[in-house]
Amino acid sequence: MSQYWSPIVATLSPYVPGEQPKLQNLVKLNTNENPYPPSPKALQAIRAAASDTLRLYPDPASEGLCQAVARALGVRPEQVFVGNGSDEVLAHAFQAFFKHEGRPLLFPDISYSFYPVYCGLYQIEHATVALDEAFGVVVDDYLPSQGRQAGGVILPNPNAPTGRALPLADIERLAAGNPQCVVLIDEAYVDFGAESAVALVDRHPNLLVVQTLSKSRSLAGLRVGYAIGHPALIEGLNRIKDSFNSYPIDRLAAAGAIAAIEDQAHFDRTRLAVIATRERLAAGLVELGFEVLPSAANFVFARHPAHDGAALAAQLRERSIIVRHFKRPRIDQFLRITVGTDAECASLITALKTLLN
């Protein structure tokens, strides 16, 4: 603690990102990165953009990138906002839409752990809503009742770290049932098996959908995310952005992102490969006695009834296999395991067979 800190700094509980260990021959299954390289066209575009134009500021509106996202998703460019990773897009959305005195922001009790961090940073009133016994979202729990109205709703779909997804009909009921506030659907993992709510934004002016290139486009190191919604919501995000950083997307990121979005063949090939490996991994874990939640993401969430989750994670680490363990109520026996390559997942299963026996 420093005497020079502002009062809010001492009260913050910062987000703890997944470990990025510098170990040799590591099977890294802890941060939901894509195991496959990005589109070769994206890498080529980044190299081409690394020219003397880097002395110039990038386009503050990122028009080319907004147009590429709009074409890919079948929306209008004025419905698109881009930012430095989806985390920055989410941060701007928290500032723009969720601070309403007496009306808390609602999100699940087991969900993306950055949400309460943003609430602390921006001093947003919030309340968590318990998942059901099967770790599913109960839509009715987010609808106005007995005079209680939310000041905002945010859900990851699929949820993280559980991997469970809501059908589109439930997302629509959530947006239609909360016309007084913004309903934000965080679709970081949607391309691995869930239904995107982008198709609903024209019908619901309070619906904002956030996606990222970090997962299904293999560009976690590039930091590009975007939001889709009614132009009035996009204007709100731009007002926050231009009061914070007018140039969040650099020239290299814009070039690589556009090329990656336009390379549909590479996207489909790698996305489907991850889905296929996920199903084999889940089946292998079930064979070993694990309970595995149904996943529509690029990870699985699993626990073994006879083995402690933290102990398993530590034992795997001794074998240079890193998975994610959360020391939180209700899920402290689970491991979140990123879907790696077939070879990486086979190494995990082999190690677990040894540990469980």
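**Entry 1**

I started with Arg71, which counts as exposed because its relative accessibility is 55%, and the cut-off for exposed is over 50%. I kept in mind that I am working with a predicted model. Next I asked myself: with which residue does Arg71 form a salt bridge? I found Glu262, with the closest N and O atoms 3.1 Å apart. I then looked up where the two residues sit. Arg71 belongs to helix α3 (residues 63–73) and Glu262 to helix α8 (residues 251–262). The two residues are 191 apart in the chain, so I noted that this pair links distant parts of it.

How many salt bridges does a search of the whole structure find? I wrote down 13.

One of them joins Arg303 and Glu291, whose side chains meet at 2.6 Å, N to O. I checked the exposure of both partners. Arg303 is partly exposed at 27% relative accessibility, and Glu291 is partly exposed too, at 34%.

I also looked up Glu279 and Arg278, a salt bridge with its closest N and O atoms 2.8 Å apart. Are these two buried or partly exposed? Glu279 counts as partly exposed, with 43% relative accessibility. Arg278 is buried, because its relative accessible area is 6% and buried means under 20%.

**Entry 1: Lys215**

I turned to the UniProt record, an unreviewed entry, which places the feature "modified residue: N6-(pyridoxal phosphate)lysine" at Lys215. Where does Lys215 lie? I found Lys215 in the loop between β7 (207–212) and β8 (225–229). Lys215 has 15% relative accessibility, so I put it down as buried.

I then listed what Lys215 touches, leaving aside its neighbours within four places in sequence. The contacts are Thr31, Asn32, Asn34, Ala188, Tyr189, Phe192 and Asn298.

**Entry 2: The domain and a sheet**

UniProt also lists residues 25–352 as "domain: Aminotransferase class I/classII large", again in an unreviewed entry. Over these residues I noted 37% helix and 16% strand. The C-alpha atoms at the ends of this stretch are 18 Å apart.

Next I traced an open sheet of 5 strands, in the order β1-β11-β12-β10-β9. The pairing in this sheet is mixed. As a reminder to myself, strands of a sheet pair through backbone hydrogen bonds, either parallel or antiparallel. Which strands are at the edges? They are β1 (27–29) and β9, each of which pairs on one side only.

I followed β1 to its partner, strand β11 (residues 321–325), and found that they pair in the parallel sense over 3 bridges. For Leu29, the bridge partner in β11 is Val323.

Trp5 has a relative accessible area of 41%, so I noted it as partly exposed.

Definitions and conventions:
Residues numbered from 1 in each chain as written. Predicted model: local features only at pLDDT ≥ 70, side-chain atom pairs only at ≥ 80, totals over all residues. Heavy atoms only, no water. UniProt positions renumbered as here; feature names shortened; annotations may be inferred. Helix = DSSP H or I, 4+ residues; strand = E, 2+ residues; numbered from the N terminus. Buried < 20%, exposed > 50% of the residue type's maximum accessible area, 1.4 Å probe, protein only. Contact = heavy atoms within 4.5 Å. Salt bridge = Lys/Arg side-chain N within 4 Å of Asp/Glu carboxyl O. Pairing = 2+ DSSP bridges.
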